[in-house]
Amino acid sequence: MEGDQDTSDFTLVTRKPCFGLPTACPNCLPAYIYLKLAQLPFQLAFNSTFPDSEELPYFESGTYVAYNNEDGGVIEKLKKDGIVNLDSQLQSLPDYLSLKALIVSWLDEALTYEIWVGTEGVCASKIYYSDLPWVIGKVLFYKQTYLTKNRLGLTKENAEQREKLIYKRASEAYEALSTRLGEQKFLFEDRPSSLDAFFLSHMLFTIQVLPETSVLRRKLLEHSNLVRYAERLKSEFLEESSSSPSPPLHSFPSSFSGKGSKPKNKPKAEKSEEEKKIKKRARFFLAAQFLAVVIYVSVMGGGSSDEVEYEDDD
Amino acid sequence: MANPADKPDPNLTTRDEGEVREEELEDIEEEEDDYEGEDDNDEATASKPQTREDAAASRANAQNLFRRMGVAPVPVRVHDVIVKGNEKTKDHVIEAEVEGVRQATTLQELLEAANVANFNLRALDIFDSVKITLDAGPPELPDTTNVVVKVVESQSPLAAEIVTSTKSQARSSTLEGSLKYKNIFGHGDIWDSSLAYGCDNSGEVGLGLYLPRLRGRPTPFTSRLYLSTQDWLKFSSYRERALGVSLGVLLSKNHELGYTLAWRNLIDPTQMASRTIRRQIGHSLVSDLKYTFKVDERNSSLRPTRGYSFVSTSQIGGLVPDSRTLRFLRQEIDLKYAVPLGFYRSALNFGVSGGITFPWGSGYKSRGSSVSERFFLGGNISPVCSLGGPSALWGFKTRGLGPNEPRREVEDDKSGDTYERDFVGGDVAVTAFADLSFDFPLRWFRERGIHGHVFACAGNIAELSGNKYRNFTAPKFLETFRSTVGAGIVLPTSLFRMELNYCHIVKKQEHDRAKSGFFMTFSTPSS
């Protein structure tokens with residue numbers, strides 16, 4: 001009859017996994033990555049029935065709970081409550097705030113736009129509403145789409161201009177971050193920070209979840225050092241925990257589409273096509289070689305017999 | 001003041017049979033000579049005998065008839081049922097309620113059937129008055145009679161009312177105000193819009209439709225579109241909102257079938273919920289079928305002194321192809337028995353209630369049941385009056401016992417860390433009670449129905465779902481039973497039954513919200 005009071009039981013409650021990510025929700029993924037970067041052991045639990053909640057993700061340990069809609073977010077609350085703080089001594093750096101503003105405002109806005117408007121909510125339906133009954137899912141989807149457009153300030157008159165502005169800012173943010181990062185392992189010195197969690201979350205979501213036709217995705221892939229950065233951190237901190245290892249981010253850029261299962265299937269399809277090409281070429285080569293031999297034999301065999309007849313006449 | 005606890009039986013006359021016969025006889029006297037039909041506008045004028053000799057002859061005939069009725073059945077056949085006065089109401093609606101008179105073969109049976117038909121028509125609640133009279137049949141057909149049903153339709157189709165009841169879902173007394181629009185389409189249909197408020201901070205606004213018959217069958221049909229809120233923040237740290245439609249069909253007197261389709265949302269605006277409640281927060285779609293078998297042979301639902309009642313409710317949720325709807329099974333049983341003891345109108349009431357719920361579908365063993373479908377015990381309802389499943393237990397506060405968990409830890413500026421507990425309910429619950437009620441010697445109390453009672457009750461609740469059935473054992477369940485004894489005064493009013501009791505908690509568990517002392521309950525007739 002008593003409740004659980006195991007204070008060493010850290011649990012992060014997020015929305016469900018999808019697209020090869022441990023949690024497909026772009027609001028929940030930063031918290032997950034943050035705890036992974038901090039190498040804090042924790043369990044993952046899912047809530048798939050409350051897509052319009054601002055409380056998710058939340059972190060709990062016994063009777064302690066850190067909700068995402070308190071104290072600036074779950075990461076900030078974990079820092080403030082002393083659970084895990086990767087940003088100690090970094091917050092005073094001048095770049096810290098400006099990069100944070102870049103990631104959590106411009107890039108976040110661009111990602112929100114791309115999920116709900118740019119890709120017409122195809123990904124959003126799968127992430128947020130696939131576990132809800134159809135009627136409820138549809139109503140909540142339309143409601144959230146409407147609220148998001150309001151939040152982004154989109155109207156019929158300014159839709160095109162807003163879109164251009166959002167993508168332009170995203171491009172500039174990628175450019176700035178690419179310059180800032182260079183070939184470093186982390187954004188700041190040689191240690192992970194919450195900004196790495198936010199940025200890595202943005203990158204993984206953009207590359208693995210958004211479809212190939214996504215403008216944002218295309219702009220991100222132009223910066224190869226950012227892609228290498230994401231792949232490095234993913235393989236080092238996240239790979240061991242993911243149940244289905246996903247292919248490298250830069251190897252098959254054309255293979256990432258809206259669904260997480262496709263990256264596994266597409267390399268197999270391409271391999272078989274290449275094999276077919278090679279086999280076809282090999283057949284042509286063999287056929288050409290055979291023809292050459294036949295021609296050589298037939299031509300050279302006719303010449304020698306004539307010479308023999310000429311010698312017999314003397 | 002008549003005792004409001006007495007429940008009228010619609011199938012029996014409330015007066016002496018002799019008085020009924022005399023009144024019916026007067027009707028027969030008035031109509032006996034009227035072979036050509038009566039005057040629709042002025043019944044009294046048309047039935048007035050023309051001469052004194054005719055009146056004397058009619059009276060003599062009637063007395064002869066009455067004597068014959070007292071000796072042996074008087075054969076009679078109903079030739080025709082004539083309906084008058086209905087301008088809006090369809091004939092078939094009225095004829096369906098008086099159908100029973102056609103089967104009568106004797107005058108005695110006919111009078112009884114007419115009485116029942118009269119009650120049925122009044123129960124439709126769409127007429128201001130109903131009068132059934134027996135007219136002589138055609139002269140060429142002896143021993144026949146025409147049954148004339150004269151109704152006066154409600155002048156004002158709008159009606160407002162305020163009632164108190166105990167809704168089984170809310171599990172508490174509810175005050176409901178409704179506005180009804182009657183008989184719009186002439187099928188006896190009653191449309192209503194209502195606002196209800198419960199003692200457990202629940203509220204509901206709804207639109208309903210009641211049909212006395214469905215597709216010609218004698219099965220009343222109800223449908224309701226509702227938006228309800230139940231606030232359990234104080235006890236379990238969640239608030240439940242539901243938008244849904246419910247349909248109900250009364251298959252017969254004892255059998256009722258209902259279907260509910262609702263969008264349910266559990267939220268925790270305080271963000272203080274315990275772990276189990278946190279996992280339950282979110283949206284769900286409920287599609288459930290409910291069958292209720294109910295027999296209530298007690299002489300009163302507010303002060304039963306004789307009879308028994310039995311209610312069995314079976315529910316199955318998730319009967320749609322979509323596996324994402326809430327899937328659960330739920331069964332409740334309630335049995336009560338009252339034995340009169342013969343002095344000071346005393347009676348011994350026994351009762352036992354039980355219920356069980358469990359999810360079904362893939363992963364049903366490890367999946368926790370929905371908190372909305374679980375059982376909770378305690379509250380301000382008397383177990384004597386509550387009908388349908390375990391819910392009430394004297395001495396324990398609302399949701400005051402059973403599985404509980406600590407709430408979220410919050411720092412209190414005044415006294416350091418403080419946190420309370422959430423009662424999360426159980427999947428199996430059992431309650432039992434015994435109650436001895438008796439009148440006080442003083443006449444003043446007896447006249448007002450105020451009486452006393454002593455009682456004892458016990459109950460327990462446990463979790464089974466979410467793999468917790470592995471920890472459940474019958475000995476442990478019996479060992480952790482809670483129990484209470486007490487005595488009190490019962491004050492019945494026209495709207496509800498109030499008890500002022502002193503309860504002594506004999507046994508409780510840690511964290512139960514109960515303590516010995518004075519306790520009030522408010523109970524209304526169960527719906």
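## Close-up views of a predicted two-chain model

**View 1. Contacts between domain 1 and domain 2 of chain B.** In chain B, 11 residues of domain 1 are in contact with 10 residues of domain 2, contact meaning heavy atoms within 4.5 Å. This is a predicted model, in which local features need pLDDT of at least 70 and side-chain atom pairs count only at pLDDT 80 or more, whereas totals for chains, interfaces and linings use all residues. Residues are numbered from 1 along each chain as its sequence is written, chains are lettered from A and ligands numbered from 1 in the order in which they are written, and side-chain values use heavy atoms, with hydrogens and water left out. Domain 1 of chain B spans 66-153, and domain 2 of chain B consists of 158-408 + 419-523; these bounds come from an automatic or database domain assignment. Taken over C-alpha atoms, the centres of the two domains are 41 Å apart. The two domains bury about 920 Å² between them, 50% of it on carbon and sulfur atoms; buried area is the accessible area (1.4 Å probe) that two parts lose on being put together, summed over both. Of the area that domain 1 of chain B buries against domain 2 of chain B, 45% is supplied by B:Lys88, B:Asp125 and B:Ile126, more than by any other three residues.

**View 2. The salt bridge between B:Asp125 and B:Lys182.** The closest N and O atoms of B:Asp125 and B:Lys182 are 3.4 Å apart. A salt bridge is a side-chain nitrogen of Lys or Arg within 4 Å of a carboxyl oxygen of Asp or Glu, and the count between domain 1 and domain 2 of chain B is one. Five residue pairs, both residues at pLDDT 80 or more, are in polar contact between these domains (a pair of N or O atoms within 3.5 Å; within protein, one must be able to donate a hydrogen and the other to accept it, and residues adjacent in sequence count only if both atoms are side-chain atoms). Helix H4 (residues 91-97) of chain B gives four residues, the largest share, to the side of domain 1 that touches domain 2. Helices (H or I, at least four residues) and strands (E, at least two) are DSSP runs, numbered from the N terminus.

**View 3. The interface of chain A and chain B.** Here 34 residues of chain A are in contact with 29 residues of chain B. The chains bury about 2,600 Å² between them, 48% of it on carbon and sulfur atoms. Five salt bridges are found across the interface; A:Glu60 forms a salt bridge with B:Arg279, with the closest N and O atoms 2.5 Å apart. There are also 16 residue pairs in polar contact, both residues at pLDDT 80 or more. Strand S1 (10-14), strand S3 (58-61), strand S4 (64-66) and helix H5 (134-151) of chain A each give two or more residues to the side that touches chain B. The largest share, four residues, comes from H5(A).

**View 4. Backbone geometry at A:Pro57 and B:Asn183.** Most residues other than glycine have a negative phi, and most peptide bonds are trans. The peptide bond from A:Leu56 to A:Pro57 is cis, with omega near 0 degrees, and A:Pro57 lies in the loop between strand S2 (43-46) and S3 of chain A. B:Asn183 has a positive phi, near 60 degrees, and is in the loop between strand S5 (172-182) and strand S6 (190-198) of chain B.
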